[in-house]
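Here's a walk through one protein chain, written for someone who would rather look at the model than at a table. Keep the viewer open and follow along.

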Amino acid sequence: MKFTKYLLIIFVAVVINSCSVYNFTGTGKIDAKTFQVNYFQNNAELIEPGIERTFTLRLQDLIQNQTNLNLTNTNGDLVYDGEIVRYSVTPMTATADIRAAQNRLTIAVNVRFTNKNKEEDNFERQFSFYDDFPADQPLAGSQLTKSLEIIFERITQDIFNESLAKW
């Protein structure tokens, strides 16, 4: 009976301890308590007003939702800084009468990541993604919102993976 009790205690201890090593976001152990996302300026040649604010908020939300880090405005252990460097709309496919059938919105963001506790994790890198949409629809209103949602979801997840998940 005593042997079974000790075996059960060891089993529970191993299970509880192993849960601290893995989490569902795949980040592992983060050696930080706070993070800071500085405002991403829009330095692209073609400017779409408001996307820099939307992108900054999306990155903050993703990190808050997938980690237990606290958002701060200054002196964060992890600092995300950068700018939107590309916003372009290009025709992708053509019809028989040489008109665009599909356009592509591409956005690129340059990111500087600084980990004050682990300097070997620091990087500066450009992340980009695109969304194709019908050429007969203007890139405004719901189409713009949908395209930005798709692009920002991918870019912010790529930044998260590169900085915290190490995928």
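## What helix α2 packs against

The buried residues of α2 pack against β1 (34-37), β2 (41-42), β3 (70-71), β4 (78-94), β5 (100-115) and α3 (141-165). Packing here is about contact, meaning heavy atoms within 4.5 Å. The buried set in α2 is Ile51, Glu52, Phe55, Thr56, Leu59, Gln60, Leu62 and Ile63. "Buried" means under 20% relative accessible area, "exposed" means over 50%, and "partly exposed" is in between (1.4 Å probe, protein chains only).

The helix itself covers residues 51-66, so 16 residues, and spans 22 Å from its first C-alpha to its last, close to the 22 Å expected at 1.5 Å a residue. That expected span is 1.5 Å times one less than the number of residues.

## Ground rules

This is a predicted model, so local features need pLDDT of at least 70 and side-chain atom pairs count only at pLDDT 80 or more, while totals for chains, interfaces and linings use all residues. Numbering starts from 1 along each chain as its sequence is written, and side-chain values use heavy atoms, with hydrogens and water left out.

## The chain as a whole

The chain has 3 helices and 6 strands, in the order α-β-β-α-β-β-β-β-α from the N terminus. These elements are DSSP runs, numbered from the N terminus: helices are H or I with at least four residues, strands are E with at least two.

Of the 167 residues, 38% count as buried. Look at contacts with a separation of 6 or more, and 66% of them come from residues 24 or more positions apart. The chain exposes about 10,400 Å², with carbon and sulfur atoms supplying 54% of that; the areas come from the Shrake-Rupley method with a 1.4 Å probe, and for residues only the protein chains shown count as cover.

## Aromatic pairs

How many aromatic pairs does a search of the whole structure find? It turns up 6. Rings of Phe, Tyr and Trp (its six-membered ring) pair if their centres lie within 6.5 Å; planes under 30 degrees apart are stacked, over 60 edge-to-face, and the rest tilted. One of the pairs is Phe40 with Phe55, edge-to-face at 5.0 Å centre to centre and 75° between the planes. Phe40 sits in the loop between β1 and β2 and Phe55 in helix α2, so this pair ties together parts that are 15 residues apart in sequence. Both Phe40 and Phe55 are buried.

Phe55 also pairs edge-to-face with Phe152, at 5.3 Å centre to centre and 65° between the planes. That pair links distant parts of the chain, helix α2 and helix α3, 97 residues apart. Phe55 has a relative accessible area of 0%, and Phe152 is also at 0%. Elsewhere, ring pairs link Tyr80, Phe113, Phe123 and Phe127 into a cluster.

## The nonpolar core

The largest nonpolar core has 35 residues, and those with the most contacts inside it are Phe55, Ile63, Leu78, Tyr80, Ile107 and Ile155. Such a core is a set of buried Ala, Val, Leu, Ile, Met, Phe, Trp, Tyr and Cys residues joined through side-chain atoms within 4.5 Å. Two or more residues come from each of β1, α2, β4, β5, β6 and α3, and α3 gives the most, with 9.

Take Ile107: leaving aside neighbours within four places in sequence, its contacts include Phe127, Leu148, Ile151, Phe152 and Ile155.

Thr106 is in strand β5 and counts as buried at 10% relative accessibility. Beyond neighbours within four places in sequence, Thr106 is in contact with Arg86, Tyr87, Ser88, Phe129 and Tyr130. Arg104 lies over the face of Tyr130, 3.8 Å from the ring centre; a charge counts as over a ring if NZ of Lys or CZ of Arg is within 6 Å of the centre and within 35 degrees of the ring normal.

Now for two loop residues. Asn75, in the loop between β3 and β4, counts as exposed at 64%. Asn75 also has a phi near 55°, a positive value in a residue other than glycine. Most residues other than glycine have a negative phi.
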